[in-house]
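Dear colleague,

Please find the structure for your study below.

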Amino acid sequence: IFFFALGQLGRIVNPNFSLPIQLNDVVIFVMVSFWAIKPVSWKKIKDDWITRPLLLWILAMTVSLALNASHLTSEQLVSSLAYLLRFVIYSGVYYLAKDLYRGDLRRGFSLWYFAFLFVAILGFVQYVFLPSIYFFNYAGWDDHYYRLVSTFFDPGFTGAILVFGLVFVYLSKLAPVYRTITLIILYLALSLTYSRASFAMFLTAFAMIAWRLQKPRVFVAAIILILLTVLLLPKTAGEGTKLGREYSIWSRINNWKQSIEVWQDSPIWGVGYNSYRYSLEKHNIPISSDLVVSHGGGADSSVMLVLATTGILGLLAYGNLWVQIVKRNWRNLLFLASFTGLFVHSWFNNTLFYPWAMEWLWLV
């Protein structure tokens with residue numbers, strides 16, 4: 001949980017390798033590996049309902065990459081395999097948590113309050129004392145101005161994490177006073193990201209909560225809150241604080257068009273899991289400004305990324321995985337609100353494959 005909250009501050013940079021490694025990745029790899037080496041763990045994996053749809057998706061990723069291996073250099077192939085391995089490792093969080101949390105779930109989850117508060121509070125510190133992160137541009141990050149980016153160095157991804165926190169705290173059994181204070185802190189941090197995708201995620205998540213709890217006033221309150229936020233948020237000279245900015249909208253549309261072009265190259269099996277950027281280079285398609293090193297060189301939309309890199313068959317396998325998970329978790333409101341909100345967010349940022357988002361979804 002501590003390394004989760006550290007975000008990109010735990011980044012281990014290797015200039016010779018396109019996959020950034022996080023301390024959070026290392027910790028999860030060690031934990032899952034030590035759990036998985038026990039014979040009894042393999043039996044639990046085999047008997048679990050999620051294993052079959054999960055293996056179908058992993059098979060789709062593997063086959064798509066194998067069929068396109070001849071078009072990739074050894075370095076590109078290793079990099080793509082590393083992304084595949086990371087997905088497998090993070091999915092292990094589900095098996096690990098299910099095996100360990102046999103008693104009171106709230107006892108294990110209580111520390112998440114501090115993780116989300118840490119992200120929000122450090123975000124406020126950054127917003128006040130480091131409002132411009134233009135110098136991050138040299139390391140491949142977008143140069144945001146007067147936007148809260150916190151430990152994740154990106155307002156869109158930070159916003160998604162903060163919405164997870166809002167959903168978690170709202171559904172918690174925390175004492176009313178502490179719950180209200182925590183919600184206010186997290187929402188203020190979310191509003192200062194100026195992330196429209198995160199605002200949409202917030203509305204979607206709380207629409208799900210309102211629907212499942214049969215409390216329409218929850219969704220009405222969420223809409224009013226967003227409208228007040230849009231009206232009252234301070235505007236600066238920077239483009240990023242203009243909620244009506246058109247540049248990023250056209251950038252997303254252009255990115256979706258690129259994804260379709262890549263998919264058309266191999267509609268059945270795709271161009272190989274996480275080989276998206278290499279396919280752009282192969283066909284001399286201009287890479288949009290959002291495909292910087294720090295964002296992994298993928299499509300903005302997670303669904304479009306799956307379609308382009310694993311084709312129709314991969315999209316069916318991936319969709320089947322989430323359909324099975326949603327069916328099994330229909331009474332798990334923390335998961336439903338987190339997932340539906342993130343699904344909307346993932347059309348504008350590749351958050352379904354964002355390590356911290358994957359960790360949270362597999363855990364809940």
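**Overall fold and two residues**

The protein chain contains 16 helices and 2 strands; these are DSSP runs numbered from the N terminus, with helices (H or I) of at least four residues and strands (E) of at least two. This is a predicted model, in which local features need pLDDT of at least 70 and side-chain atom pairs count only at pLDDT 80 or more, while totals for chains, interfaces and linings use all residues. Residues are numbered from 1 along each chain as its sequence is written, and side-chain values use heavy atoms, with hydrogens and water left out.

Of the 364 residues in the protein chain, 55% are buried, where buried means under 20% relative accessible area, with a 1.4 Å probe and protein chains only. Among contacts (heavy atoms within 4.5 Å) in the protein chain with a separation of 6 or more, 73% join residues 24 or more positions apart.

Thr 182 belongs to helix α9, which covers residues 176–191. Thr 182 counts as buried because its relative accessibility is 8%. Beyond its neighbours within four places in sequence, Thr 182 is in contact with Leu 117, Val 169 and Leu 174.

Ser 346 sits in the loop between α15 (333–345) and α16 (355–363). Is Ser 346 buried or exposed? Ser 346 is buried, because its relative accessible area is 0%. Not counting residues up to four places away in sequence, Ser 346 touches Asp 300, Ser 301, Ser 302, Thr 351 and Leu 352. From C-alpha to C-alpha, Ser 346 and Phe 157 are 9.9 Å apart in space, and they are 189 residues apart in sequence.

Yours sincerely

Definitions and conventions:
Buried < 20%, exposed > 50% of the residue type's maximum accessible area, 1.4 Å probe, protein only.
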